[in-house]
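Keep the picture open as you read.

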Amino acid sequence: MLNATMPAPRTPTEADALDDHALVRAAVGGDMQAYERLYRRHSPRLYAVLWRLCGGQAARAEDALQEAFLQAWKALPGFRFDSSLGTWLHRLGVNAALMELRANATWQACDAGEEGREHVATLAAHERCAGTALDLERALDTLPPRARAVLVLHDIEGWKHQEIADQLQMAVGSSKAQLHRARGLLRARLGETA
């Protein structure tokens with residue numbers, strides 16, 4: 001079922017990185033087919049991250065993906081390959097998703113201390129079969145947006161707390177606290193006691 005909503009991301013290869021250089025040069029020169037190839041190569045993995053950051057809301061993830069690629073198109077002439085193209089696109093996508101979440105009123109409302117905790121506690125529990133990926137995705141969707149963002153960026157994407165804090169405009173300690181909170185809520189949602 002998850003594969004129906006998200007294409008399986010593939011791992012980039014060294015040949016992809018070399019091809020990315022050529023495709024970027026061609027796209028900067030106005031070759032739309034080259035840019036389309038970059039989109040097709042990088043969008044599935046980026047969409048998977050954005051889908052998680054957006055709480056499984058496909059429309060939001062698609063909006064963030066499109067915004068990231070629009071920004072990339074505008075900034076592509078200045079791309080210097082200091083990092084891989086995939087890393088750069090990833091950062092643009094995460095920024096777009098986080099901007100969307102910041103603009104959404106529930107971003108603040110769901111993170112409002114006790115009121116936010118009460119809101120999380122009232123969310124309906126899903127029928128679950130312990131240990132399935134679908135259960136994890138569903139549980140992840142129920143997390144408050146900031147806690148979900150920290151968990152996805154730290155535990156799934158491998159970001160450091162300082163990077164998360166900078167990106168989400170919070171203190172490093174807040175990032176660590178949100179991660180602890182998110183993990184605890186996930187354990188509760190999945191029925192774990194430890």
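Rings of Phe, Tyr and Trp (for Trp, the six-membered ring) count as a pair if their centres lie within 6.5 Å; planes under 30 degrees apart are called stacked, those over 60 edge-to-face, and the rest tilted. Searching the whole structure that way turns up 5 aromatic pairs. One of them is Y35 with W73, an edge-to-face pair with 4.8 Å from centre to centre and 70° between the planes. Y35 belongs to helix 3 (residues 32-53) and W73 to helix 4 (residues 58-75), so this pair ties together parts that lie 38 residues apart in sequence. Helices here are DSSP runs (H or I, at least four residues), numbered from the N terminus.

Before going further, a quick word on where this comes from: the model is predicted, so to speak of a local feature takes a pLDDT of at least 70, side-chain atom pairs count only at pLDDT 80 or more, and totals for chains, interfaces and linings use all residues. Residues are numbered from 1 along each chain as its sequence is written, and side-chain values use heavy atoms, with hydrogens and water left out.

Y35 is buried at 11%, while W73 is partly exposed at 34%. Now look at F79 and W88: their ring centres are 4.7 Å apart and their planes sit at 35°, so this pair is tilted. F79 is buried, with 12% relative accessibility, and W88 is buried too, with 19%. Back at Y35 and W73, you'll find that they form one aromatic cluster with Y39 and F69.

Next, some polar side chains. E157 lies in the loop between helix 9 (145-156) and helix 10 (161-168), and at 18% relative accessibility it counts as buried. What does its side chain join up with? There is a polar contact of 2.8 Å to the side chain of H90. A polar contact is a pair of N or O atoms within 3.5 Å; within protein, one must be able to donate a hydrogen and the other to accept it, and residues adjacent in sequence count only if both atoms are side-chain atoms.

Finally, find T142 in the loop between helix 8 (133-141) and helix 9. T142 is buried, at 9% relative accessibility, and its side chain has a polar contact of 2.8 Å with that of R189.

Key
Helices (H or I, at least four residues) and strands (E, at least two) are DSSP runs, numbered from the N terminus. Buried means under 20% relative accessible area, exposed over 50%, partly exposed in between (1.4 Å probe, protein chains only).
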